[in-house]
Amino acid sequence: SLSDKLQNVFKNLRGKGRLSEADVKASLKEVKMALLEADVSFKVVKQFIKSVEERAIGADVMNSLTPGQQVVKIVHEELISLMGSETTELKLKNPSDVTVLMMMGLQGAGKTTTAAKLAGKLKSKGRKVLLVACDVYRPAAIKQLQVNGEKQGVEVFTMGENQKPVNIAKGAYEYARKNNFNVVILDTAGRLHVDEDMMEELQQIKENLHVDQALLTVDAMTGQDAVNVATVFNDKIGIDGVILTKLDGDTRGGAALSVKAVTGKPILYIGMGEKLSDLEQFYPDRMASRILGMGDVLTLIEKAQETVDEEKAKAMTQKLKKAQFGFDDYLESMNQMKKMGGLSSVLAMMPGLGSQMKDIENAIDEKKMARTEAIILSMTPKERSNPEILNPSRKHRIARGAGVDIAEVNRLVKQFEQMRKMMKQMPGMMGMGGKRGKKG
Ligand code: GDP
Ligand code: MG
């Protein structure tokens, strides 16, 4: 699936401590292929990759703490923006007024099911909802709405199958006014393909009734076709929002990504199953995380950015360059890492650091930190900034002062050397790097 493919690309990216422009370009090429295979429209993909590339190939990202992570974050942000950034709520009039919602879409897209799902949702928000059977072409369609309406405890208005849909809609509106309903949901008839009769019918309803929201239902499993259908409906009838159904079965994910970009109209809800409770509000950020399959990792990246102290990091880099990194700095960087907490699991993904990360994680354990602190505080300032002078007799004195075994002092010294070496190898590690690319 799209999610699997993207996760693979990103796993490779994250595995690299340093990224070259070529690395980023190669990865983005794979992202592009994955999106095209997921049936995202070509124009959308091209623009998307361009935006990501412009942001990813910059000094901020390349020199950052974890360049691979930064690229993932940029992709995530651009996915969100592609889907419209913000959640769009269904617009309803004041409850003292009647809001008319018109469901439209091809046959089998999920109009009838979604109408009933939506009716239940609005009912639970205190609305008095009337479902209206405007699909007069199949007797089964009326029955289907009645069955679903009953399940939801929502009244269904019908005039049988010998009336024109526009007349049924008008009749329903009058009935709603008289009986204090404040939402009317018109379930219209679809066709197998976009066809003139269907458009004509919808047009008539729109001309004769004040339709507040024309809602297009499209089947996510049809990928780019869903987006093409949305474009035609938008041009011919005008749509206010899209409901993307059968997302539970969609393995490609293309429609969710292109609808807004191509039609300019937002996705309001997503259908996640056949049950009448399977209708969810659409959140661009959640969808992006779902597509990337990495909500947790993104949270960790954000956390790291929030906790790393830019100024201190710079000062330490300077010290490191001048080989002035001492035990005080060690203590401070340990505290820094403790603050970052879960970040170590992200850093652990970096090559060659797996085992060392475990040592460090061990070292920042609460109890051990207290002992480490005690040992370091038992050193003289001179010893702290010149670890080289630590001979056995000094170590004995320190151990006595801290109330620990000499073996523990030796272990700390060894860990300190290890960390110093690691930082020299990787100046971008542990908040000791240059820019962290706060804005991505
Ligand atoms: P209509 O012709 O547009 O009115 O479509 P229907 O509401 O009759 O739905 C067609 C089929 O799609 C039915 O079998 C529904 O149960 C199914 N369906 C609708 N929405 C969803 C969804 O979100 N997920 C799944 N898996 N099936 C859905
Ligand atoms: Mg139907």
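I started at the ligand. Helix 6, residues 111–124, gives the shell around ligand 1 its largest share, three residues. I note that the model is predicted.

Next I listed the neighbours. The shell around ligand 1 holds 19 residues, and Gly110, Lys111, Thr112, Thr113 and Gly271 come nearest. I then sorted the shell by class. I got twelve polar, five charged and two nonpolar residues around ligand 1.

I moved on to a helix pair. I kept in mind that two packed helices are described by the angle between their axes and the distance between the axes. I picked helix 5, residues 67–82, and helix 12, residues 284–292. Their axes come within 8 Å and cross at roughly 135 degrees.

Which residues make the contact? From helix 5 I noted His76, Leu79 and Ile80. From helix 12 I noted Pro284, Asp285, Ala288, Ile291 and Leu292. By class, the contact of helix 5 with helix 12 has six nonpolar residues, one polar and one charged.

Last, I took the chain as a whole. I found 21 helices and eight strands. The chain has 440 residues, and 43% of them are buried. I also checked contact range. Of the contacts in the chain with a separation of 6 or more, 76% join residues 24 or more positions apart.

Key:
Residues numbered from 1 in each chain as written. Chains lettered and ligands numbered in written order. Predicted model: local features only at pLDDT ≥ 70, side-chain atom pairs only at ≥ 80, totals over all residues. Near = placed C-beta within 6 Å. Helix = DSSP H or I, 4+ residues; strand = E, 2+ residues; numbered from the N terminus. Nonpolar A, V, L, I, M, F, W, Y, C, P; charged D, E, K, R; others polar. Axes fitted to C-alpha atoms, helices over the stretch in contact; angles between N-to-C directions. Contact = placed C-beta atoms within 7 Å. Buried ≥ 20, exposed ≤ 12 C-beta atoms within 10 Å, placed from the backbone.
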